[in-house]
Amino acid sequence: MPRILIAEDEPRIASFLDKGLRSHGFTATIAKDAREALLLAQGSDFDLLILDLGLPGKDGLQVLEEIRGQGEKLPIIILTARDDIHDKVAGFEGGADDYVTKPFRFEELLARIRVRLRGSSLDSGMEETLLKVGELTLDLRTRKVQVGDRWLELPAREFTLAEMFLRHPGQVLSREQLLDRVWGYDYDPGSNVVDVYVGYLRKKLGSDLIETVRGMGYRLRR
Ligand code: CA
């Protein structure tokens, strides 16, 4: 299981990342300030660092500089509200591997994390690339879905939703859980977007694949 270090002081975003990563087969650890981030990044305990630039204690760019200054090769993805070009340039010069600007969509960050993990030749830390339940297979590398002997492509959000179901076969997932992990921290909890997207998946992947559990949520049949 790839281990991700999250350096983020905003609890809402840290917990969104933590939950999202865990539900996609990663382990995650949160560092709430610059000191903690530096301390944790120094060991060889992590496969990737997600680094917020606005951290208490020290500026994230300085944290980046110190980590690279110690010769640490850990892939680093900068996460920040600053979309200023100067920060971007400084981030890359400081040795960041990639850059995601807030607000971001979880699947965008996830895709970037996967690219970085593949590039870092950490074979032991690689996550699995095929998820299979019954007739259904998801290829996380190519983002394609196989149903029986038919291959198809799903839009990003539908793919992430399908992935959630395949990671928890036979388990009831509530609307709130799905909204939280697939759509993220910015979504209106009263929204019916989950039901709409489950409808899309049923249409494309098979009508009896995902069952409605009344008053509870949805469940992927094993
Ligand atoms: Ca921050």
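Let me begin with Glu10, which forms a salt bridge with Arg12, their closest N and O atoms lying 3.8 Å apart; by salt bridge I mean a side-chain nitrogen of Lys or Arg within 4 Å of a carboxyl oxygen of Asp or Glu. What you see here is a predicted model, in which local features need pLDDT of at least 70 and side-chain atom pairs count only at pLDDT 80 or more, while totals for chains, interfaces and linings use all residues. Residues are numbered from 1 along each chain as its sequence is written, and side-chain values use heavy atoms, with hydrogens and water left out.

Glu10 is partly exposed at a relative accessible area of 34%, and Arg12 is likewise partly exposed at 44%, where buried means under 20% relative accessible area, exposed over 50%, and partly exposed in between, with a 1.4 Å probe and protein chains only.

Turning to another pair, Asp97 forms a salt bridge with Arg68, with the closest N and O atoms 3.1 Å apart. Asp97 lies in the loop between α4 (85-93) and β5 (98-101) and Arg68 in helix α3 (residues 60-69), so this pair ties together parts that are 29 residues apart in sequence; helices (H or I, at least four residues) and strands (E, at least two) are DSSP runs, numbered from the N terminus. Asp97 itself is partly exposed, at 26%.

Glu211 also forms a salt bridge, with Arg219, at a closest N and O separation of 3.1 Å, and here Glu211 is buried at 19%, whereas Arg219 is partly exposed at 26%.

Finally, Glu8, Asp52 and Lys102 are linked in a network of salt bridges, and the search of the whole structure finds 18 salt bridges.
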